[in-house]
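My notes follow in the order in which I looked.

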Amino acid sequence: MTAVENDADVIVVGAGPGGSATAYHLARHGVRVLLLEKTEFPREKVCGDGLTPRAVRQLIRMGVDTSPEAGWLHNRGLRVIGGGVRLELDWPDLASFPNYGLVRTRLDFDDLLAQRAISAGAKLRTSVNVTGPVLDADDRVIGVQAEVGPEKEPATFHAPLVVAADGVSGRFPLALGLAKREDRPIGVAVRRYYRSPAKHEDDYLESWLELRSKDSGDNLLPGYGWIFGLGDGRVNVGLGVLNSSSAFGKTNYRRLLTDWLANTPEDWGMTDEANAEGPILGAALPMGFNRVPHYARGVMLVGDSGGMVNPFNGEGIAYAMESGELAAEVAVQALARPAGAERERALMAYPQELKARFGGYYRLGGIFVKLIGRPEIMRMATKHGMPHPTLMRFVLKLLANLTDPRGGDSMDRVINAMTKVAPAV
């Protein structure tokens, strides 16, 4: 067989948070990285735009300046509204995570992370739409096929290792036959921007556990909602519905959002269509490792491509960036070994470490999703849980996956024990 000349040591497909984090950490170790993105920056993405301390930690690990002067809106914690109670919960003080969250729109957030990857030495190419893998005689991936630029010129890029960070669509793993697992939770979220002088500057991310329209009376609308101030006169408002809900796939989610917002105070600005900026946009939330294996045949899956959204809270950015860093660490060790059995042995550490790190926690998340999909359980939980701040602080730590692995308080120890005992997904 004729040897091919590699364009890089690693090709990363997709320059979202997971792909850019992977490229950054690889390049920092001196690996030749080619980061391929199908769009041009800046570009919009459907997201809540809120970042928990878990995501903030990953930004800091990439050398990102997260100060307000650099354009970040800081928040102290989560405001939870439900069961007739409004509760403000500060992010926990931990050794492992910072005690603040952030808000920033994806319009320039992804661009900023891609620039960090470039500054570390990665090569970014935009308007490159990867269409499928290049396979060798042993059916192992040795590169990617792509269409480049507006003319969709065919191109081929070679590398001994490919990282699929192409988001929820997962077109690259799908081309390898890696389909979604139907037994794992998935959600749908919709969001819209509104001008809201009353709500745009907020010290807390706001989460609504109960949604009601003007005419729903005591009947709850399906799903959960959020209102995140952006600090620039606007808010990001959205809602999510999980596949454990009877309304999943049978509901007009855009109508659901406007029905809920019609019941909010008029001075918030969300009842008036004139205050809306842009359309209501939606996206799927692939949760709990709903695509596996995370390594096979020369391809590592990172972030949404590998279904790594947290089932407890719908957070995806932190896990995309964290899995990207882990993939980079494993790849660096693997590429230092000769191609063949030795390298494959090193690469198999990636899915094993992902399973050890998140498997038990995601299993608990799957149980949680099934429970809150039942309105009577959700109503009972909010009614009896919300009035107890200590219990809700425990819930915040569990839902946001914020504990110290060693030491920590009694809440940390209970949560860590639960995730260890739970069988990994």
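**Second largest pocket**

I found 21 residues lining the second largest pocket, and Arg54, Ala356, Arg357, Pro405 and Asn416 lie nearest its centre. The model is predicted: local features need pLDDT of at least 70 and side-chain atom pairs pLDDT 80 or more, while totals for chains, interfaces and linings use all residues. Residues are numbered from 1 along each chain as its sequence is written, and side-chain values use heavy atoms, with hydrogens and water left out.

A pocket here is an open set of points on a 1 Å grid over the protein atoms alone, where a 1.4 Å probe fits, with protein on both sides within 12 Å along at least five of seven lines; lining residues have an atom within 4 Å of a point. I noted about 580 Å³ for the second largest pocket, the volume being the space filled by probe spheres set on the points, which are joined across faces, edges and corners.

I then asked which helix gives the most to this lining. It is α8, with eight residues. Helices α2 (53-61), α8 (349-372) and α11 (410-421) each supply at least two; helices are DSSP runs of H or I with at least four residues, strands are E runs of at least two, and both are numbered from the N terminus. By type, the lining has six nonpolar, seven polar and eight charged residues (nonpolar: Ala, Val, Leu, Ile, Met, Phe, Trp, Tyr, Cys and Pro; charged: Asp, Glu, Lys and Arg; polar: the others, Gly among them).

**Cores**

I looked up the largest nonpolar core, which has 61 residues; Leu26, Leu59, Met300 and Tyr350 have the most contacts inside it. Helix α6 (residues 317-335) gives the most to this core, with eleven residues. Apart from it lies another core of 26 residues, among them Leu73, Leu78, Phe97 and Met287. A core is a set of buried Ala, Val, Leu, Ile, Met, Phe, Trp, Tyr and Cys residues joined through side-chain atoms within 4.5 Å; buried means under 20% relative accessible area, exposed over 50%, partly exposed in between (1.4 Å probe, protein chains only).

**Glu88**

I placed Glu88 in strand β6 (residues 85-90). Glu88 is partly exposed because its relative accessible area is 40%. Beyond four places in sequence, Glu88 is in contact (heavy atoms within 4.5 Å) with Leu78, Arg79 and Tyr204. I also noted 8.8 Å between the C-alpha atoms of Glu88 and Glu206, which are 118 residues apart along the chain.
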